[in-house]
Amino acid sequence: MHPHTLDEVGLHEVADVAVCHNTIACLSPTSRRALWPAIAKALVPAGVLLIQLPPARLPHRETTHDLPTRRVGEHEYGGRVVASADVNRIRTRFDYWVRGDGVVLREHNETFWMWPAARTTVIGELEKAGFAPLPRRADPAVLAVRLTRR
């Protein structure tokens, strides 16, 4: 983790591509909107930004998604994700475990708060910062934009 926000680092036209994977959803709307101009400054003209979009809306009910279980050597690794609405945010809890010889050897959980934002909302914010959307990708959760102006 870097000790400064991107706008404090002072990067100017140093990157051809920026990637925001598993991050945008965890930024409040104010922080998210502040990030776009900082990325625009860091990109070279016509640079590309790839974004994994946040969920478009709050979940209607609590949802649970089991993570794939994988065996590595003698141990089995797995977990689950539980998401629920909490006012205007999504509470997302990750529960991880490691098993060996049929018993749980280690467990860990962590909670992330996410703010939903529709694709059109994110595109509108990015357009204000000088980005234009590129053609849709096969994965609808990924948005690609190109810097068109500063």
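The model is a predicted one, and its protein chain holds 3 helices and 8 strands. Followed along the sequence, these elements come in the pattern α-β-α-β-β-β-β-β-α-β-β. The radius of gyration of the protein chain is 18 Å, well over the 15 Å that the globule rule gives for 150 residues, so the chain is more spread out than a compact globule. The C-alpha trace spans about 60 × 35 × 35 Å along its principal axes.

- E2 and E8 run antiparallel and are joined by 5 bridges, and within E8 the residue Ala-144 is the bridge partner of Leu-50.
- E7 also pairs with strand E8 (residues 142-147) in the antiparallel sense, here over 3 bridges, and Phe-131 stands opposite Leu-147 in E8.

**The contact between H2 and H3**

- Two packed helices are described by the angle between their axes and the distance between the axes.
- For H2 and H3 the packing angle is about 45 degrees, and their axes are 9 Å apart.
- Angles under 35 degrees would count as roughly parallel and those from 65 to 115 as roughly perpendicular, and H2 and H3 are therefore oblique to each other.
- H2 passes H3 in a right-handed crossing.
- On the H2 side the contact is made by Arg-32, Arg-33 and Trp-36, while H3 contributes Thr-121, Val-122, Glu-125 and Leu-126.
- By residue class, the contact of H2 with H3 divides into 3 nonpolar, 1 polar and 3 charged residues.

**The antiparallel sheet, E3-E4-E5-E6**

- A further open sheet is formed by 4 strands in the order E3-E4-E5-E6, with antiparallel pairing.
- Strand E3 (63-72) and strand E6 (103-114) stand at its edges, and since each has a single partner strand, one side of each is left without a neighbour in the sheet.
- Neighbouring strands of this sheet are turned by 15 degrees against each other on average, again with direction ignored.
- Strands of a sheet pair through backbone hydrogen bonds, either parallel or antiparallel.
- E3 and strand E4 (residues 75-86) run antiparallel and are joined by 8 bridges; among the partners placed in E4, Glu-76 is paired with Arg-71, and Ala-83 is paired with Thr-63.
- E4 and strand E5 (residues 89-100) pair in the antiparallel sense over 12 bridges, and Tyr-77 stands opposite Val-98 in E5.

**Hairpin turns in the antiparallel sheet**

- The hairpin of E3 and E4 has 2 residues between the strands, and Gly-73 there takes a positive phi near 60 degrees.
- E4 and E5 likewise form a hairpin with 2 residues between them, in which the turn residue Val-87 has a positive phi of about 60 degrees.

Terms used: Residues are numbered from 1 along each chain as its sequence is written. This is a predicted model: local features need pLDDT of at least 70, side-chain atom pairs count only at pLDDT 80 or more; totals for chains, interfaces and linings use all residues. Side-chain values use heavy atoms; hydrogens and water are left out. Two strands pair if DSSP finds at least two bridges between them. Axes are lines fitted to C-alpha atoms, for helices over the stretch in contact, and angles run from 0 to 180 degrees between N-to-C directions. Angles under 35 degrees count as roughly parallel, over 145 as roughly antiparallel, 65 to 115 as roughly perpendicular and the rest as oblique. A crossing is left-handed if the near helix is turned anticlockwise from the far one by less than a right angle, and right-handed if clockwise. Contact means heavy atoms within 4.5 Å. Ala, Val, Leu, Ile, Met, Phe, Trp, Tyr, Cys and Pro count as nonpolar, Asp, Glu, Lys and Arg as charged, and the others, Gly among them, as polar. The radius of gyration is taken over C-alpha atoms; the globule rule is 2.2 Å times the number of residues to the power 0.38.
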